[in-house]
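Subject: Structure handover

Hi there,

Here is the structure I promised to pass on to you.

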Amino acid sequence: MRIALIGMPNVGKTALFNKLTGSFQRVANFPGVTVEKKTGRIVENGKQIFEVLDLPGIYSLDATTLDEKVTKDFLLQKEKEKSADLFVLVLDATNLEKSLYLAFQLRDLGYPLLICLNLVDESEKRGLKLDINKLKAELGAEIISTSAATGRGVKDLIQAMKDHLGDKLPRIELPENHQKTFRSPRYVNGIFKKIDHLLRESTLSPLARDSFSEAIDHWVLHPVWGLFILSALLLLVFQLLFSWSAPIQDLIEFFFSFLGQNASTLIENKLIRSLIVDGVINGVGGVLVFLPQILLLFLFIQFLEDLGYLGRAAFMMDSFMRRIGLPGKAVIPLLSSHACAIPGILATRVIDNHRERLITMLVIPLTTCSARLPVYAILIAAIIPDTAVFGLPWLRMPGLVLFGLYMMGFISAIIVSLIFKKTLPYSSPSMLLMELPPYRIPKFKNLARVMMNKAKIFLTKAGGIILLVSIVIWFLVTFPQQNGETVIEDSYAAGVGKFFEPVFRPLGFDWRMTTALIPSIAAREVVVSAMSLVLSVKEGSEGFEDQLASTLVKEFGIGSLLALLIWFVYAPQCVSTFAVMKKESNSLKWPVFMVAYTLTLAYLLAWLTKILFTPS
Amino acid sequence: MTIDLAPLNQNLVVRSFPVSEERHLSDLESRLMHLGFFNGETIRILKKAPLFQEPFLVEVRGRMVALSKEEAALVLVEVLA
């Protein structure tokens with residue numbers, strides 16, 4: 001038997017779902033849309049008694065968002081997969097004025113309901129006393145008081161569900177013209193009147209104001225302190241992504257090099273050894289190294305979300321972000337993408353407007369992800385002299401250039417988003433209109449669960465493609481072999497490089513450079529080792545970086561190397577970004593478009609750089 | 001006056017929203033109405049966001065709702081005497 005939890009946003013529905021189903025749950029998407037579908041099981045004595053669905057929050061049956069439409073499909077029992085045998089309506093006891101709307105709407109249509117009055121611990125603390133019998137009589141439904149935070153009433157709720165075991169939902173016929181009716185002011189006002197009347201009749205002692213949330217908001221939304229807190233938090237995210245995850249990343253790198261070394265000694269066959277060590281272990285390890293950053297970021301975002309802060313951040317940033325064509329909620333994804341584009345793209349889920357979410361995803365590749373740093377470092381070392389700027393000993397040219405590259409990406413992202421805002425097909429008007437939830441203390445269990453799910457999504461969805469591309473690239477740089485040895489000049493990769501050489505000649509890249517660019521499709525940071533391979537500079541030797549840098553200058557000249565630097569500011573991100581974007585945008589069109597526009601930008605701007613900086 | 005021009009922290013009463021029964025309401029107007037921006041409801045503007053003095057944070061029917069300037073300009077209000 002399938003039970004669906006339904007309710008307005010921010011009524012503690014998901015917390016209740018977690019309490020009901022414990023660890024027996026699964027997160028996926030509803031078919032065809034990127035609306036999260038959470039299913040779980042209630043298990044008793046090792047046997048499943050109920051399948052529980054946590055439906056997206058819905059304000060009313062006048063569904064306007066994608067999330068709401070999914071929930072409405074369930075209420076209308078449109079398809080077999082989108083149906084339930086019993087609806088449990090979750091109400092927020094600390095805010096009945098809002099959450100009773102759905103109760104009346106569903107009751108009037110004749111839905112048999114089981115009502116769960118959630119958050120009663122908090123409402124009682126704030127002095128609310130209700131005449132439950134009056135509520136029951138008026139709503140014509142059984143009412144169970146629960147508190148998902150403490151688990152109070154959850155057993156009663158399951159018992160009440162059991163009383164409905166075997167029930168089938170009767171066919172609900174919606175009135176004709178229901179779409180018009182649900183949006184009619186007279187109808188809406190009628191329900192408001194019923195709510196006000198019922199609350200007057202059944203409130204024995206009124207609810208005190210939420211002084212806790214008000215006190216926090218005094219500081220968090222303060223004109224000066226509010227911005228200070230927001231900047232501090234954003235800085236903390238940066239810090240978290242770059243520094244705190246470093247030791248864990250080192251550990252993962254160490255693990256993979258340990259694995260590679262062991263595999264090297266264990267595998268006799270030279271070719272298989274190369275496949276396993278260079279192809280699989282190094283390739284996959286190079287991407288898995290970003291998993292700690294991704295997980296830490298999501299821990300942080302989920303913490304702020306559960307706390308109720310994320311909406312406040314969007315509220316404060318909205319007017320600024322909107323001027324550059326993006327919603328306030330895009331702050332977090334854009335910031336995260338400085339670590340890695342993948343968590344950035346995953347984090348765009350907080351943006352409800354489809355078009356704005358798409359624009360955010362499309363500009364994310366322009367921000368400077370951390371995988372580009374090794375490439376930037378080598379190139380800057382090669383072409384930028386380490387001199388002081390303006391005679392200031394602490395302000396060095398290389399640092400300034402690095403900062404300039406970050407700014408270039410950031411400013412390009414703003415310009416491109418302004419262009420997309422003007423040109424991309426317009427679907428629905430951009431709305432800020434959102435409810436700010438009261439503050440609540442995040443539950444560790446929920447945070448851990450969300451992190452596990454994100455890790456799973458990253459590993460399963462992106463992992464397969466990453467493995468595949470790693471093996472393909474290994475194949476290209478290894479074959480064909482002569483007398484069991486690889487000669488890079490004759491490899492398939494070099495063949496591809498030579499094929500593209502004419503295209504890149506205006507930028508001053510020869511076949512060696514184009515060959516070295518191929519592995520960057522898998523991951524940026526491998527370009528350094530690819531360059532050393534084609535230029536025959538032995539990696540890992542002493543003074544390797546200086547040697548590579550001087551070889552680069554000798555072989556290509558300043559103009560081409562600057563062009564290469566600019567190329568990396570704009571060039572399409574790695575294949576994992578493509579894979580995640582394909583999944584998140586639910587289309588092949590947009591990731592292909594992303595690659596096309598970034599390639600065009602990269603080529604044109606690199607070419608321009610080459611022309612400007614080549615002495616004639 | 002509309003919400004974007006109304007004073008902070010005073011009881012305001014919504015006038016003439018939604019405009020009429022016959023006119024088709026947009027998604028945005030409908031959402032505003034469902035959140036409680038309705039003739040006769042009492043609301044309060046709690047805050048304006050820093051930087052550009054928008055969006056607005058409004059208390060309406062027990063909720064805290066954030067409205068952009070354009071959204072706030074849709075709702076007519078009057079200071080409650």
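This is a predicted model: local features need pLDDT of at least 70, side-chain atom pairs count only at pLDDT 80 or more; totals for chains, interfaces and linings use all residues.

Let me begin with chain B by itself. Its secondary structure amounts to two helices and five strands, and along the sequence these follow the pattern β-α-β-β-β-α-β. The C-alpha trace of chain B spans about 40 × 30 × 25 Å along its principal axes. A compact globule of 81 residues would have a radius of gyration near 12 Å, and chain B, at 12 Å, agrees with that. Of the 81 residues in chain B, 44% are buried. Looking at the contacts in chain B with a separation of 6 or more, 63% are between residues 24 or more positions apart.

Next, the place where the two chains touch. Here 28 residues of chain B are in contact with 31 residues of chain A. On the chain B side, helix H1 (27-35) and strand S4 (63-67) each supply at least two residues. H1(B) gives the most, with seven residues. Sorted by class, this side of chain B has 16 nonpolar, four polar and eight charged residues.

Six strands make up an open sheet with antiparallel pairing, in the order S12(A)-S4(B)-S3(B)-S2(B)-S1(B)-S5(B). S12 of chain A and strand S5 (76-79) of chain B stand at the edges with a single partner strand each, so one side of each has no neighbour in the sheet. Where do the chains join up in this sheet? Strand S12 (residues 434-435) of chain A pairs with S4(B) in the antiparallel sense, over two bridges, and A:Met434 stands opposite B:Ala66 there. Within chain B, strand S1 (residues 11-15) and strand S2 (residues 42-48) pair in the antiparallel sense over three bridges, with B:Asn11 opposite B:Arg44 in S2(B).

Finally, a helix pair in chain A. Helix H18 (residues 373-383) and helix H24 (residues 544-570) of chain A pack with their axes 7 Å apart, at an angle of about 110 degrees, which makes H18(A) roughly perpendicular to H24(A). Residues making the contact include A:Tyr376 and A:Leu379 of H18(A), and A:Glu545, A:Leu552 and A:Phe568 of H24(A). By class, the contact has 17 nonpolar, no polar and one charged residues.

Notes. Residues are numbered from 1 along each chain as its sequence is written. Chains are lettered from A and ligands numbered from 1 in the order in which they are written. Two residues are in contact if their C-beta atoms, placed from the backbone, lie within 7 Å. Helices (H or I, at least four residues) and strands (E, at least two) are DSSP runs, numbered from the N terminus. Ala, Val, Leu, Ile, Met, Phe, Trp, Tyr, Cys and Pro count as nonpolar, Asp, Glu, Lys and Arg as charged, and the others, Gly among them, as polar. Two strands pair if DSSP finds at least two bridges between them. Axes are lines fitted to C-alpha atoms, for helices over the stretch in contact, and angles run from 0 to 180 degrees between N-to-C directions. Angles under 35 degrees count as roughly parallel, over 145 as roughly antiparallel, 65 to 115 as roughly perpendicular and the rest as oblique. The radius of gyration is taken over C-alpha atoms; the globule rule is 2.2 Å times the number of residues to the power 0.38. A residue is buried if 20 or more other C-beta atoms lie within 10 Å of its own, exposed if 12 or fewer, and partly exposed in between; C-beta atoms are placed from the backbone.
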